[in-house]
Structures are given as C-alpha cells and as structure tokens.
Amino acid sequence: MAADAGRGRLSPARAALLAAGVAWTAPNTLLGLLAGVAGIPLGARARLSRRERALVFQHWPWGPGGAITLGNVILHTGPDLDCPCSTYAHRAGHAREDAINLADHERAHVYQYMTLGPLFLPVYLLCGGISVRNRFERAADRYAATGRGWWPWPG
C-alpha cells in the first residue's frame, strides 16, 4: 500500500484490503475522532488526507508537540503534517540520523493500525510505548527514511 499512497486508483484487491483495514481499526479511529473533535472548539481543523489514509486534525491543542495516530486519525499540534522531524534514535542520542518527514512517519502508524486493528494499542504499549525502544516507532522512522519497512517485525 505504501508505494501507491496518494497516487491514482487502487486495484480492486488493494481497495478491498484498504477497506478491511479501515473497518478493522474502526474502534481506534473512533477514539481519534473523539479526541480530534474535542479540539475543534480550541482551534483544531480537520482535513482528509488520501496520502496519509487518515483524517488529519491540525492545530490540535494538546500534547508536547508533534503528532499522534489513532487508527485512521492523526492528531497534529502544528499547522502542516508535511514537516521535518528527528527520528526517535536521534532524539535519544543513540544515532545521528537525518531528519525524516512527520507525515511519512505517521502514515506508517496508520498502516500498522490497519494491520493490527484493536490489538495495536495493547501490543504497542507492550513494546515500550512512546520510546526509542519501541519497534513500532523504529519501523515508522525506517519507513519515513526509506519508504519501506513500516511493519515492525522481519517478514
């Protein structure tokens, strides 16, 4: 799915997989929608992003900065998701790495959610939560840097 994100039409098989992923992660997406809508009175603005396969709430008023993905919803504190950010390894001082694109990183999480559905949050938390140790974050950084490898385990 990553190779055709935002480009042209999907094949019927890929469209069916996308629809199944969206349905499978619907409980997570509902949490994201509730959080996003709660931010609207405080300035959050929603836009549908085909490229990210998500509803993106920009200017989301809570959090330390950056973005968080819940299903097919991305909550972003800034004005534009298409911006540079540091990798988790770089921020933790484990490696010197070039900046990655935040939109690409969050798109990897959307794919992870569509694969694991309601299992994503418990598995993500068991893998270390928001930290450099979390294989989901490392995979999202890898995907943002290379365009490949959003799945956190070797295939």
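**A charged network and its surroundings**

Guide: Asp104 counts as buried, because its relative accessibility is 15% and buried means under 20% relative accessible area, with exposed over 50% and partly exposed in between (1.4 Å probe, protein chains only). The structure is a predicted model, in which local features need pLDDT of at least 70 and side-chain atom pairs count only at pLDDT 80 or more, while totals for chains, interfaces and linings use all residues. Residues are numbered from 1 along each chain as its sequence is written, and side-chain values use heavy atoms, with hydrogens and water left out.

The partner of Asp104 to consider is Arg51. These two residues form a salt bridge in which the closest N and O atoms are 2.9 Å apart. The pair links distant parts of the chain, since Arg51 sits in the loop between strand S1 (45–49) and S2 whereas Asp104 belongs to helix H4, 53 residues apart. Here a salt bridge is a side-chain nitrogen of Lys or Arg within 4 Å of a carboxyl oxygen of Asp or Glu. Helices (H or I, at least four residues) and strands (E, at least two) are DSSP runs numbered from the N terminus. Side chains of opposite charge can pair when their charged atoms come close.

Arg51 is partly exposed, with a relative accessible area of 32%. Arg51 also forms a salt bridge with Glu52, for which the closest N and O atoms are 3.9 Å apart. Glu52, by contrast, is buried, with a relative accessible area of 3%.

Glu52 in turn forms a salt bridge with Arg107, their closest N and O atoms being 2.8 Å apart. Because Glu52 lies in the loop between S1 and S2 and Arg107 in helix H4, the pair ties together parts that are 55 residues apart in sequence. Arg107 counts as buried as well, at 4% relative accessibility. Through shared partners, salt bridges join Arg51, Glu52, Asp82, Asp104 and Arg107 into one network. A search of the whole structure finds 5 salt bridges.

The loop between S1 and S2 also holds Arg53. Arg53 has a positive phi of about 60° although it is not a glycine, and at 13% relative accessibility this residue counts as buried. His59 likewise has a positive phi of about 60° without being a glycine. His59 is placed in the loop between S2 and strand S3 (67–70) and is partly exposed, with a relative accessible area of 38%.

Strand S2 (residues 54–58) contains Val56, which is buried with a relative accessible area of 0%. Not counting residues up to four places away in sequence, Val56 touches Arg45, Ala46, Arg47, Ser49, Ile74 and Leu81; contact means heavy atoms within 4.5 Å. The C-alpha atoms of Val56 and Thr69, 13 residues apart along the chain, are separated by 9.1 Å.

Gln112 lies in helix H4 and counts as buried at 0% relative accessibility. Apart from its neighbours within four places in sequence, Gln112 is in contact with Phe120, Phe136, Ala139, Ala140, Trp150 and Pro152.

Two packed helices are described by the angle between their axes and the distance between the axes. Helix H4 (residues 102–116) packs with helix H1 (residues 12–24) at an angle of about 80°, and their axes are 7 Å apart. That makes H1 roughly perpendicular to H4. The contact is made by Leu18, Gly21, Val22 and Trp24 of H1 and by Tyr113, Met114, Thr115 and Leu116 of H4. The axes are lines fitted to C-alpha atoms, for helices over the stretch in contact, and angles run from 0 to 180 degrees between N-to-C directions. Angles under 35 degrees count as roughly parallel, over 145 as roughly antiparallel, 65 to 115 as roughly perpendicular and the rest as oblique.

Ala95 is in the loop between helix H3 (88–91) and strand S6 (100–101). Ala95 is partly exposed, with a relative accessible area of 27%. Leaving aside neighbours within four places in sequence, Ala95 is in contact with Ala89 and His90.
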